[in-house]
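Hi,

Here is the structure I promised to pass on. Have a look at it first, and then read my notes below.

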Amino acid sequence: MDLVAEFDAGAGEPADARRVLYRREVGGLRLALLARVVAYAVLLGSSLLVGTNATAVILSVVVAAAAAVLTLFALVWIDRERDLRAVGYAGLGLDCLVLLVFPAVWYWSAGGSDLPAAYLSGVPFGQLAVLVLVINTLTLRPAYPLIGTAATFLIGLAHYAIIVADPRTAFATDPAVAFMEGAVDLRTAALGLAQIVAAGLLLTWLASMARSAVNDASDAEVSTGRLRRFFSPAVVGQFVAGRGRGAARPRLQEAAVLFCRPQAFAGLSETYPPGTAVAWLADYRQRMLDLVFAFGGTANQVSGETLLVTFGAPTPLSDAPLRAVRCGIAMKRELARWNAERAERGEPQIRQGLGIHHGRIIAGFIGDGVQSDYASLGDTVDVAVRLGQACEELGEVFLVTATVADWAADSLPLRKLEHIQVEGRRAPVDVFAVDFGRPAGARPSRRTSLWGRAPGDDGPVRDILAGRKTTMCCPLAFWGTAEDPATIPGDRIDIYDGQGRYRCTVQVTEVAQIRFGAPDPRTIRGEQCRDLQEFQAKHAGSWSTDLAALGQPLDDDTVIVVEHFVLAELETPKRV
């Protein structure tokens, strides 16, 4: 048994498969209804072409029009599973009515009682019966063609009973003679009815096989959908192809475990309408899971807002710790982008703590036979969860253990923190903070407060979040002081608003010096100014006052330091 079958055996979610099967059955029933409308239209047209009796023509028009209207109404009416059977049986009943009425209509159109009843043997009853059975086979319910077969057989018997009861009916044993003289060959009639029954039984078997195939496809679709909740597309493909045999069973293996815990959704659910908070959570989870799968991770437990991800289980990965760290960095950057979008819409910011540990875990589908989920257990999982929870306590956003730090030390700056204690463990755990987004050697983040005309005006902060403001400027006389420490490319600056609230972190990409009277176009754009005059008007007031206190004038030759930056993250700043 491969993973798909094993998962189905313990998933305990038959309703999902029923919903998929229901959608496909609705499609088959709609196709049958549309085919029925076309068939009725053709029958109506043929009746109008050959009809000579006004009453018969009117009757055929009424029956065909009523059948077509009811069929179109049924197309709109399909919305619940119990209605499918009602619509299906109603359609079958209409078909039987047509089979019963139209041969009589053609008989009366040709002359009615002036003709012997043997004329009925010349109408295309067999072709019409098979057409009805084919239409009912499209519904994917074997009961319809089976019942239709019995009904057409009985209607055919009734027709021949009428023919036999007519004293004007002539009989023949030679089919050629019967055809030439308008007589009835009972053996040919019996053979025709037998052919209808055989065709009906064959179509019933085909409908049963088609329904079984659709059922299997529905189960496979549901199973694959469940697998996609946990695994990357590549791993799902392996399992569906049968190459993941046995991977569903719990087993001991090496893996990196990433625990991700947002720190804001609990409060949002109390402040905002439930629908809004749930939509935000769904958006957040989808963004994070897309990155998890892109890096080859497996989503173990997705509970509420928390994510537990493994790299290296169920499929072993030689670089599992490095993939986990890279995924964590990508998650942080994606969160920063999303928070920038949220800031533009006036929505609250989402904070996030990440913890990664590498070691041995027990991973596989674990359940009680009723409900089964892919999960990981063990000390490695407990440590990763503890790191994710410790982020808020330590004022950090990304923590790893020493085993993971050994993989990332060459490519990322790490800061050694104090040990943390994990429940159930005697020895403390060595912890490192990942300062992603800046090169090794960069100094701790500088803190800067920004506001507009008043401390309550957070326009400059919103401009940074929206990507419009990309520079900060100050006279050289103030740069490098305790209030405004000097920076180098790669340094980070924590941005606070006028009310002392942390809003974001930016990373310095370039530090340049310009003259107040000759700013470059890039600086003018980064300060959201149109030209030199606007740039000078924007800064002249505050800089003139501050420089005057130092006994220095502000003129075109005053040296200005420009820090160009990019948005790095929106998170709880680190305490350094």
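Arg-530 and Glu-534 form a salt bridge, with their closest N and O atoms 3.5 Å apart (a salt bridge is a side-chain nitrogen of Lys or Arg within 4 Å of a carboxyl oxygen of Asp or Glu). Arg-530 is exposed at 73% relative accessibility, whereas Glu-534 is partly exposed at 25% (buried means under 20% relative accessible area, exposed over 50%, partly exposed in between, with a 1.4 Å probe and protein chains only).

Before going on: this is a predicted model, where local features need pLDDT of at least 70 and side-chain atom pairs count only at pLDDT 80 or more, while totals for chains, interfaces and linings use all residues. Residues are numbered from 1 along each chain as its sequence is written, and side-chain values use heavy atoms, leaving out hydrogens and water.

The structure holds 14 salt bridges. Arg-342 and Glu-347 meet in one of them at 3.3 Å, N to O; Arg-342 is buried, with a relative accessible area of 0%, and Glu-347 is buried too, at 18%. Asp-283, Arg-287, Glu-334 and Glu-341 are linked in a salt-bridge network.

What about the side chains of Asp-557 and Arg-515: how do they meet? They meet in a salt bridge of 3.2 Å, N to O. Asp-557 is exposed, with a relative accessible area of 55%, and Arg-515 is partly exposed at 39%.

Best wishes
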